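This report examines selected helix pairs and individual residues. The structure is shown first.

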Amino acid sequence: MNSSTFTQSAEYSRLHSSSVDAVDWHLWGTYLPDRQWGTVRECYVEDGNAWKAFPHDHARSRVYRWGEDGLFGWTDRNCHLCFAPAFWNGKDPILKERLFGLANHEGNHGEDVKEAYYHILNTPTYSYAKALYVYPISEYPYKQLIAENAKLTRNDHEFEIEQTGVLSNNNVFHCTIEYAKDYFDDTFIRISVRNLSADPAYIAVLPTLWIRNSWKWGYPGISKRNITVNSDGSLFVPELLGPGVQRFSQDKFPAHYFYCDQPNQWLFTDNETNCELLFATADGEKYTKDAFHRYLVNGEKQAVNPALEGTKAAMICENTISAGDTWVINCRLSSKSHANPFSDSSMILARREEEAQDFYASYQRIKNFKSSEDLSLFAAASSGLLWSCKYYELNLYRWLKGDPGQLAPPNSRWQSDYRNWKYLHAHDIFVMPDAWEYPYFCKWDLMFHAVAFADLDPAFAKNQSGILRTSRYVSPQAQVPAYEWAFSDVDPPLASWATWRIFTIDRNHTGIPDYRFLEESIKTLLLEYGWWSNRNARTDSDLFDGGFLGLDNISPFDRRYPLSDGSRIEQADGTAWMGLLTIYMLKIVVALKQRAINVLHNSSAEYSGEMVQRLVISFMHSVSSLNSKEERGYLNWDCQDGFYYDLLRRPDGTAEYIRVRSLTGIIPLLAVQSFGSSDLEVDKNLNMDNAILSYVQVHGIDDYSLSIAHLGCYSTGRYLFAMVSPYRLRRVCRWLFDESEFLSDYGIRSLSKFHESNPFSMTVSGITASLQYSPADSPVAMFGGNSNWRGPVWMPINYLLIEALREYHRVLGDDFLIEYPTFSGCNLHLGHIANDLEARLISLFQSDEDKKAPFIKPNSYLDNLTNAENLYNFHEYFNGDDGTGVGASHQTGWTAMVRRMLLHRWGFSGD
């Protein structure tokens, strides 16, 4: 995509300048987390109940140890200095400084944010960012939301903020927050409040600036520094010393100036805990984090510091806005002082917004493709992805041991699984799955995020794809951490897929193949591959044991543990994921060997035939393990149904299929790639035809050779490497494309609809486990929290399936036809089927003449909003029957894969 139309955009120039000219456009961004309370890293109690240890009610009064949070905030990449607006409508019991939601134990489907807010625009260098917060004019219903949800069971729908009535009849403020950089360290901020109601309404807006508390924890060299007022009325933030980018060092953060165009006075306090309020103890801190809440809401005028200094400052700007009117507040945060700070603010804000829109429009102009709805969706998905990039810090050794300035943590931490991760040290920006509901890194989610980012900011995408395999994260055994609540959970190994996809997307985007990225990635991928290679030792069937594998409630049993009688679940997807890891590593190694031979004219031993052969043989063994018969007659392929099932293996060696048609049986289709004749010229080990023939000559025709007989060259001239043969692919597709099973109007369901009227049950040792299709929220809390895995359409697996179908089509060609939908009498080749599945997924966000886009829930705020064309929620999942959003409501991360589908529609490719 090396087009002058794209490269001439102002935003692309900033990206280029950031990487080539060392102008640090990424220093500041919308990195301030949406939620820090209720996280494991802030939990310091014996029972480890993070939600109760640091609840929302403590957040305004209690200092965080590992980060900060705020409402659509702005901070530097190390979270030294933070800005966020706060609001008060004159009626609420608390100052609105952060988004409110239910803790895990309060929601009938787990944690759940209860706000209406939307990410409208953002750019890769954060040169411009825009978001909308919908703030009720009536009192925010905190108690009602908690009380009503407490009455509900998992079989009930959640009680949402819309049902309280506070958003009805447009009785709301639209609070728009915009950031526009004049330069990388100079940012204009505009807060616009529009009264949508029919009557005048009061609101207070508090532009708030504060320093993260890094001085409280007892480490030498870090001292408290105060924000003060300059003679011109601006704020001055002195040079700071804070937690450094190295493990035990500090780094300097330059002085900054902050301006606000309102004529009000600044208020000051300290970013310190109100111990007297929360713990009935005194620690000598007179001015605390909650001072502005106490001053404004409670009328405690003595709560703020009359000396006009502190580590937290805000200006209380009050106004009664007439119906339909908009009130604008301008601020500026800069590393330099300005005599006329707002002389060009309107021009810069307007220019940066225009440049942001032009940046996304340039994608369509390259291909001369015009669709305003597609472009709006593309920009929103891209922007939400960027708004999801948040600061994350955790030094696990310090978390286990405790800080010298604080009480020691409970000793039970050293008996927990966290002790195995004591070397983990995070201080990075991550694309979080959902910045409120899942405000931490998640390994396999992150791989989708990185691929979605690949053309948007290739350097950052490459960083995200490999960061968890670096020495600061990986365990001594080479395991990659999963996520904060359970670092040792086993997630699907998607890193090699993400690496290869980022490489190919970036190559097509820039015209330059980044082989150095592949070289650096393969080193750590080999370590992860070694760890995964040891996960097939638990059984004698050579199947790989996955455990969690991210599939939550999709099984009637918790697949992480043996059953009560000692039986084990042999998973159909564990070996398939291992095959996927292997096949994409093979693609990487072959590409590097091609470069060594054809470009460098050097047959480097590092990419020798031995490495290729090792990966080829490993893949062959995985294919055979999943597809062969054994003496006892059971492996994951069921010849009768033509589907892959999990297997219940009893202690006496007998086995039984767990006949649940779910994504578990679809995962094997995903492990597919192909090679061309030029690849075989590089390494003869890729010639599977010769390999199988040699095997047959030595061993004869047996089940092993039959199970891998589909590997090899087809009439298209391409060599197929696939876990599933074309014959078995056809049989699985019979279920996959049946509209009464997996195929919905909006993609592939995670569980067959067959199980709606035909629930599955199995009794083991007197205990009956059951499973039934549920298109939206799961009625079973097997994994606790927000687990929604009994029917919804999940974007990332659909994306992988679409990629797999296209790869099969490259090898099998146009003559390999599948009935689609099943029983329709219409036969299509796999490329056409992949395109239709893609269109179904995109349609989740598209409106038609009669109704709004399917993702919008009936009676939700968007459903009742007259003009909602540019407002989207990128939900965690989507209802398998009607397409409405399910789960985390702003999980832009993996659902942002829709932007890659749009790029394919526009003619871009990542292959």
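## Basis of the model

The model is predicted, and local features need pLDDT of at least 70, side-chain atom pairs count only at pLDDT 80 or more, while totals for chains, interfaces and linings use all residues. Residues are numbered from 1 along each chain as its sequence is written, and side-chain values use heavy atoms, with hydrogens and water left out.

## Helices 22 and 23

Helix 22 (residues 795-812) packs against helix 23 (residues 830-842) at an angle of about 160 degrees, and their axes are 8 Å apart. Helix 22 is therefore roughly antiparallel to helix 23 (angles over 145 degrees count as roughly antiparallel). Axes are lines fitted to C-alpha atoms, for helices over the stretch in contact, and angles run from 0 to 180 degrees between N-to-C directions. Helices (H or I, at least four residues) and strands (E, at least two) are DSSP runs, numbered from the N terminus.

In the contact (heavy atoms within 4.5 Å), residues of helix 22 including Leu801, Leu805, Tyr808 and Leu812 meet residues of helix 23, among them Leu830, Ile833, Leu837 and Leu841. By class, this contact of helix 22 with helix 23 comprises 11 nonpolar, 4 polar and 2 charged residues. Ala, Val, Leu, Ile, Met, Phe, Trp, Tyr, Cys and Pro count as nonpolar, Asp, Glu, Lys and Arg as charged, and the others, Gly among them, as polar.

## Helices 12 and 13

The angle between helix 12 (residues 458-466) and helix 13 (residues 495-510) is about 170 degrees, with the axes 11 Å apart. These two helices are therefore also roughly antiparallel to each other.

Pro458, Ala461, Lys462 and Ser465 of helix 12 meet Ile502, Asp506 and His509 of helix 13. The contact of helix 12 with helix 13 has 3 nonpolar, 2 polar and 2 charged residues.

## Two loop residues

Asn873 lies in the loop between helix 24 (861-864) and strand 37 (877-878). Asn873 counts as buried because its relative accessibility is 12% (buried means under 20% relative accessible area, exposed over 50%, partly exposed in between, with a 1.4 Å probe and protein chains only). Beyond its neighbours within four places in sequence, Asn873 is in contact with Tyr117, Tyr118, Phe845, Phe855, Leu862, Ser889 and His890.

Ala198 is placed in the loop between strand 9 (186-195) and strand 10 (201-211). With 69% relative accessibility, Ala198 counts as exposed. Ala198 and Ala103 are 95 residues apart in sequence and 34 Å apart in space, C-alpha to C-alpha.

Technical notes:
Parallel < 35°, antiparallel > 145°, perpendicular 65-115°, else oblique.
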